[in-house]
Amino acid sequence: MATKTSTIERNGHSAKSSTLREICARAITKSEWEDKEEFLDVIYWSRQVFGIFLGVIWGIVPLKGFLGLVLFAGISCGIVYLYAINFQNVDEDAYGGVWELVKEGFMTSFAGFLVTWIIFYTGLHYDTIMAAKGS
């Protein structure tokens, strides 16, 4: 029978790997991040959830056009920056600079945001759109 450590090592993870629950608990409290990849994963997945959340809000409001895109980019990058530098107190130079932290997961978050925004906006405001076109 294999031990837990050997099973973890066989699956390509080190024995020090944290569980999802531990990582989430560390993400919402000020913590030390010994493993840089874990912190970048927290930023990546948080940004995905936040992008979908903003897509829903933008679709409900209804926000349109370039203003919605710029607001998403500014809010998304600002939140990540404030979270990493002010809340978690990480050294941005250890991660390759501020730019590396801010761009982590941005494009996939942007794609999820756009899809969600379009679906909610169209679903909630289709009648208004068609009435404006005169159909």
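**Salt bridges and their setting**

Guide: In this predicted model, the side chains of E38 and R26 meet in a salt bridge, with a nitrogen-to-oxygen distance of 3.2 Å. E38 belongs to helix α3 and R26 to helix α2, so the pair ties together parts that are 12 residues apart in sequence. E38 has a relative accessibility of 10% and therefore counts as buried, the cut-off being under 20%. In general, side chains of opposite charge can pair when their charged atoms come close.

A search of the whole structure finds two salt bridges, and the other one joins the side chains of K103 and E100 at 3.5 Å, again taken from N to O. Here both residues lie in helix α5, which spans residues 98–103, and they are three residues apart, or about one turn of the helix. K103 is partly exposed, with a relative accessible area of 39%, and E100 is likewise partly exposed, at 33%.

To return to the stretch around α2 and α3, the loop between α2 (20–27) and α3 (36–60) holds E32, which counts as exposed at 69% relative accessibility. E32 is also one of the residues of a negative surface patch, which it forms together with E34, D35, E37 and D41.

Y83 and F87 both sit in helix α4 (residues 65–87), four residues apart, which is about one turn of the helix, and F87 is partly exposed, with a relative accessible area of 31%. Ring pairs also link W58, F72, F106, F110, F113 and W117 into a cluster.

Finally, the surface carries a nonpolar patch formed by I60, V115, I119, F120 and L124, which together have about 460 Å² of accessible area. Helix α6 (residues 106–133) gives the most to this patch, with four residues, and L124 is found in that helix.

Methods. Residues are numbered from 1 along each chain as its sequence is written. This is a predicted model: local features need pLDDT of at least 70, side-chain atom pairs count only at pLDDT 80 or more; totals for chains, interfaces and linings use all residues. Side-chain values use heavy atoms; hydrogens and water are left out. Patches are made of residues with over 30% relative accessible area and no salt bridge: like charges are joined within 9 Å, nonpolar side chains (Val, Leu, Ile, Met, Phe, Trp, Tyr) within 5 Å. Accessible areas come from the Shrake-Rupley method with a 1.4 Å probe; for residues, only the protein chains shown count as cover. A salt bridge is a side-chain nitrogen of Lys or Arg within 4 Å of a carboxyl oxygen of Asp or Glu. Lys and Arg count as positive and Asp and Glu as negative; His and the chain ends are not counted. The place of a charge is taken as NZ of Lys, CZ of Arg, CG of Asp or CD of Glu. Helices (H or I, at least four residues) and strands (E, at least two) are DSSP runs, numbered from the N terminus. Buried means under 20% relative accessible area, exposed over 50%, partly exposed in between (1.4 Å probe, protein chains only). Rings of Phe, Tyr and Trp (its six-membered ring) pair if their centres lie within 6.5 Å; planes under 30 degrees apart count as stacked, over 60 as edge-to-face and the rest as tilted.
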